[in-house]
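User: Hi! Could you walk me through this model?
Analyst: Happy to, here it is.
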Amino acid sequence: MSFELFFTHIVAHELTHGLGPHQIKINGRDTNPRLELKELYSAVEEAKADVTGLFALQYLITQADKTSGGPAPLAHGADAERQLYTTYLASSFRTLRFGLQDAHARGMAVQFNYFLDKGGFVANADGTFSVDLSKIKDAVAGLDRVLLTLEATGDYAGTKKLMTEMMVLRPKYRKHWSG
Ligand SMILES: [Zn+2]
């Protein structure tokens, strides 16, 4: 776990709220994701900020790894990558405990289940969770593509489908975060 990467990810989360689709066009009509996704928007936007933030930090880490000599913009290398995702996994429990009436927790439930399904997060037999570094980067990129596309296309039906399937605390893991 790393305080620096926890903090930097929160900064990246806030920055990426300002990026991504804001003005969109549907059948020639000017609109925006908030109008189109209605009551589902907040949870999607919070998940988008989390996942795009992770994607951005991974990009910076990868670029820093390629830079030989000179000051790096942030911690990088294999240890930093492991710390980034492990810290994120731990912080997901903090966010889920806000409860599913909160947009951050709703967005986190989507991420948690998606990453479990893609093998990036692993539920171990002893009740602990871990990160599979060989799968988490593709899982982050995959979910980011899904979320950004839902916003860019103002796809309410697609968002509803994703939320119905993923915005749940699955009973088999519930005991881990009911604490
Ligand atoms: Zn946010």
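User: How are the donor residues of the zinc ion spaced in sequence?
Analyst: The spacing is H-x3-H-x28-E. Histidine 13 sits in helix 1 and glutamate 46 in helix 3, so this pair ties together parts 33 residues apart in sequence. Helices here are DSSP runs of H or I with at least four residues, strands are E runs of at least two, and both are numbered from the N terminus.
User: Which atoms are the protein donors of the zinc ion?
Analyst: They are His13 (NE2), His17 (NE2) and Glu46 (OE), lying 2.0 to 2.1 Å from the zinc ion. Donors are N, O and S atoms within 2.8 Å of the metal (3.2 Å for Na, K and Ca), and water is not among the atoms, so sites may look incomplete.
User: Before I go on, what should I know about the model?
Analyst: This is a predicted model, where local features need pLDDT of at least 70 and side-chain atom pairs count only at pLDDT 80 or more, while totals for chains, interfaces and linings use all residues. Residues are numbered from 1 along each chain as its sequence is written, and side-chain values use heavy atoms, leaving out hydrogens and water.
User: Is histidine 13 buried or exposed?
Analyst: Histidine 13 counts as buried, at 7% relative accessibility. Glutamate 46 counts as buried too, at 13%. Buried means under 20% relative accessible area, exposed over 50%, and partly exposed in between (1.4 Å probe, protein chains only).
User: New topic: how do helix 3 and helix 4 pack?
Analyst: Their angle is about 170° and their axes are 11 Å apart. The axes are lines fitted to C-alpha atoms over the stretch in contact, with angles from 0 to 180 degrees between N-to-C directions. Helix 3 and helix 4 are therefore roughly antiparallel, a label for angles over 145 degrees.
User: Which residues of helix 3 and helix 4 meet?
Analyst: Asp50, Leu54, Leu57, Gln58, Ile61 and Asp65 in helix 3 meet Glu81, Leu84, Tyr85 and Tyr88 in helix 4. Contact means heavy atoms within 4.5 Å.
User: And how many residues does the largest nonpolar core have?
Analyst: That core has 41 residues, and Phe112, Phe115 and Phe121 have the most contacts inside it. Helix 3 gives the most to this core, with eight residues. A nonpolar core is a set of buried Ala, Val, Leu, Ile, Met, Phe, Trp, Tyr and Cys residues joined through side-chain atoms within 4.5 Å.
User: What does phenylalanine 115 contact?
Analyst: Beyond its neighbours within four places in sequence, phenylalanine 115 contacts several residues, including Val51, Tyr88 and Phe121.

Methods
Angles under 35 degrees count as roughly parallel, over 145 as roughly antiparallel, 65 to 115 as roughly perpendicular and the rest as oblique.
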